[in-house]
Amino acid sequence: MRALVESALRLRVLVVAVAVVLMVWGIAAFRDAPQDVFPEFAPPRVEIQTEARGLSTAEVEQLVTTPLEQALAGLPWVVDVRSKSVLGLSSVVLDLERQADPLVARQLVAERVGVVASQLPASVAPPTLLPPLSSTSRLLKIGVRSDTLGIADLTDAAMLTVRPRLMAIPGVANVAVWGARTRQLQVRVDPDRLALAGTTVSAVRAAAGASVWTGSGGFVDTPNQRMAVFHTSPVADAADLARAPLVAPDGRVLRLGDVADVVESHAVPIGDAVIDGGEGLLLVVEKQPWGNTLQVTHAVEAELARIAPTLPGVELDPSIFRPASFVEKALENLGHAMTSGVILVVLVLVLFEPDPRSALISATAIPLSIALAVLVLTALGTTFDTMVLAGLVIAVGEVVDDAIIDVENISRRLRAREQRTAFDVVLEASMEVRSAVVYASLIVVLVFLPVFFLDGVSGAFFRPLATAYIVAITASLLVALTVTPALCLAWLPGQRERGPRRTTLWTLRAYRAVLPTALAHPRLVGVGVGVALLASLASVPLLGESFLPDFQERDFLMHWVEQPGTSLTAMRRITERVGEELVQVPGVRSFGAHIGRAEAADEVVGPNFTELWVGLEDGADHADALARIHAVVDGYPGLHRDVQTYLKERIKEVLSGTSATLAVRIHGPDLEGLKEAAQTVHRALTTVPGIADPRIEVQALVPQVQVALRPEASELYGLSTRDIRDAVTPLLAGTVEGSVRDGRRSVDVVVIGEDALRADPTALAALWVDAPTGGRVRLGDVADVWIGPSPNVIHHDGGSRRIDVLADVGDSDLGTVARGIEVALAGVTLPPGYSAEVLGEQKERAAATRSLTWLSLGALLAVFLVLHADFGDLRLAGLVFATLPFALIGGVVAVWSTGGTLSLGSVVGFVTVLGIATRNGILLVSHLRHLAIEAPELSARERVSRACEERVVPILMTASSAGLALLPIAWAGPVAGHEIEHPMAVVILGGLVTSTLLNLLCLPSLYLAAGGGSDRATMVA
């Protein structure tokens, strides 16, 4: 280390030049670095969706979901397999280990799915792997509306122009279109009309398919060239299709239009959209995990600006939901906090440093250390999200500490150098504090290491913060070893002698007034500190608990869930009504909603599910607008509803697969048994104090028309189950027989029954079925047709059926409610084969706190070993180690003073402040040990007094720098970008106050009480 410092002094011009280059390079790298709001906190996942139109929920589970789950069992990296079966759709989700390669995993999944796809029912569409999505996949919600165009024309514009161009943007994973009405040429069949014409549904299907059949036309060879043969389709629109020939069973040639109505229409909708209270489409742009929110958002908005002139009469509104606005505000707030913190730190240097050049040298460590950290983080491929920036902000006040200590000691030695050269004085002065600085920095890193080993969402959030913090601290140590001594040698020798600043004189005067009293009563001081420590530790169990805070987003989402079986029309009616009320709320900028689902989208829901999205204006009062939105939403009782932000909802979804704060997941084999178990658990949860809105996940029985073939009757006509399905399904669900190309658009040709056939469930028995043996028979004569119950949804988790009992937290805190739930569940006895587990934020928080506690104990042991390596004495190492709880006292007081809730950010704050507090103890004890050698003629008390007076200013400067750098975050409160960092800053500030004061007053007393100076040889060793 001496060689490094000496080389830096000899090559000081080169060192300073390199430092300037690195600083400029770091600033440029930060300006061009990708920025986002949060790191990827969800584990990699693969979702397989399978469209199975016409299949009931139970059929989807048995025929599609279960075979897929069985085929995917045993894949590498798979942590959990979850699935959801609803009417006409299966969704299977594989949660992977965080270190898994998602692209390799998708390849393995595709191979397994390809094998099982051929075994699925013929009516089921091929399984589709959804594109990989980021934790916060929703990038933009774009409203598409028009006063002149119909919904079908809007669909064409969205599907043919907007979606393809947005999908071509790097980082965009998917553009889902809600409310689409895809054009179809429909051949609408009436069985009675077919009977009068003497033909069948099969003949109609054959004629429709033959009229639009496409295939190879071959080629013609001439002596000089080969020419392809192209068959032009005679069908371009509904009129052309109506003229298509149909051969009746008796040989007569008819036209499709003679036996059925041929019209241009659209498919039966599976979802809908409401834009600002009216009709329109909602385009949901989703991003890939490696896509950057700001960059991709700006690219999408630029493309929309280029698209708009090509779509006259169409309004594109990308403001309904724009997470980038929150990202920009959060980064702006953190940027202001960092700037303000740097200014405050520089102010500390100006107030205490006797010479402006000394202050400038110390201040140089801030931009240089941060620039070096930025270069390292950029080389690691880091995205500069709020957690990374928070790590740099926390480090701002500490990166200057090493420089302060070095500059102060060098300045003091230069003033008393006598005949020695400046080079030798700077080298020796730098080496004098070098050991303390290096070991202190090492301890800061050791204390923070446990954060690296956090798992799950906690680790995903705080690991980037820890990385940025440790890189910055390491960079500051390198700067203190090289650049700071070089600048001191270049600028400080020959400086005009200046007296201490008034701030320094006032500090020394106040310290000299109280230090003798502390030194005179070491036992009283020790008892007082012990009592304060015990009182603070005893109050910790009384603190409330939370996981992550509410984020100050200016976009709110509301889930509206009606009773299963509710139609799209009914949901649209109530959505339009609430939309009209919400847009009247002062401060509301926009409103949009999507109902049901869209094709190839991440929502696997029925038409009874709606998501409402409300955007606030920039200047709107957040709390007032939120209260008014709650008032509007609460005016619609009878359906489940909530109001939350997207980030909070996504975190809940990752933790438990639901949008609730807490979930009791019940596993079991039978759906009815699960419901009974859920009722039992629900009754127990209603007795838990502080719980809010306990409810059972909506898994209800909905009416379903059931058809059961009677074997004895069907034998007379030679009918099979397949014959029945082939006869009925085209009439009710429709079948695609081909397609017609219209420019870039492909229009499906669909044979489907008249609307009246689907309007009356009881009329199904009257449908005619063509018998294989000839003739026709009514369905009711060969099958039983009745309305029976069917599940609206079936969930699997780990291959087992499950149901959730959901709850949120009311006036109480998360920890209290979660413990109350565990107590309530302890008194619940479930039937054999059924089990329950508690999921959600508390489980993640408890696991993270437990992990941090045990890992921190290991880190503290390592800290003690480092202290012993530094001092070479158990008593000195134990003395400094005993000062660590000093920081806990202030941290606990700070938590109580700001609401008394201990969040995960607060816990990380306690870990951080332990490392910062140790530095001051090391500096003081190291100087005491140095004076034991340099001034042996002094008595123990005189030596302690002198050491304290010589170190009080640098200790106060380093502590003030670390604290004031965080003051802007603590002062601003949990505004956008500070939600997680605010409790951390509060704890660190409180811990710094008590650790600094107690180090300056109690540590000297403890040093004397431990024998400082009485056994000089031991204490110096």
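A search of the whole structure finds 44 salt bridges. Each is a side-chain nitrogen of Lys or Arg within 4 Å of a carboxyl oxygen of Asp or Glu. The model is predicted: local features need pLDDT of at least 70, side-chain atom pairs count only at pLDDT 80 or more, and totals for chains, interfaces and linings use all residues. Residues are numbered from 1 along each chain as its sequence is written, and side-chain values use heavy atoms, with hydrogens and water left out.

**Stop 1: salt bridges**

Select Arg 801 and Glu 61. Their closest N and O atoms are 2.7 Å apart. This pair links distant parts of the chain, 740 residues apart: Arg 801 sits in strand β32 (residues 800-809) and Glu 61 in helix α3 (residues 57-72). Helices (H or I, at least four residues) and strands (E, at least two) are DSSP runs, numbered from the N terminus. Is Glu 61 buried or exposed? Glu 61 counts as buried, at 4% relative accessibility. The cut-offs are under 20% relative accessible area for buried, over 50% for exposed, and partly exposed in between (1.4 Å probe, protein chains only).

Next, pick Asp 221 and Arg 226. They form a salt bridge, with 2.8 Å between the closest N and O atoms. Asp 221 is partly exposed at 46%, and Arg 226 is exposed at 54%.

Move to helix α31 (residues 940-972) and show Glu 950 and Arg 946. Their side chains meet in a salt bridge of 3.0 Å, N to O. The two are separated by about one helical turn because they are 4 residues apart in the helix. Glu 950 is buried at 19%; Arg 946 is partly exposed at 31%.

Now select Arg 138, Glu 286, Asp 602, Glu 603 and Glu 611 together. A network of salt bridges links them.

**Stop 2: an open sheet and its helix**

Show β6, β15, β5 and β16. In that order they make an open sheet of 4 strands with antiparallel pairing. Two strands pair if DSSP finds at least two bridges between them. Which strands are at the edges? They are β6 (172-178) and β16 (315-321), each pairing on one side only. From one strand to the next, the twist averages 25°.

Zoom in on β5 (residues 138-145) and β15 (residues 281-287), joined by 6 bridges. Here Gly 143 stands opposite Leu 282 in β15.

Axes are lines fitted to C-alpha atoms, for helices over the stretch in contact, and angles run from 0 to 180 degrees between N-to-C directions.

**Stop 3: strand β19**

Select residues 588-596. This is β19, and 8 of its 9 residues are buried. Strand β13 (residues 271-275) pairs with β19 in the antiparallel sense over 5 bridges. Val 274 has Ala 593 of β19 as its bridge partner. Now show strand β20 (residues 609-616), which pairs with β19 in the antiparallel sense over 7 bridges. Phe 591 stands opposite Val 614 in β20.
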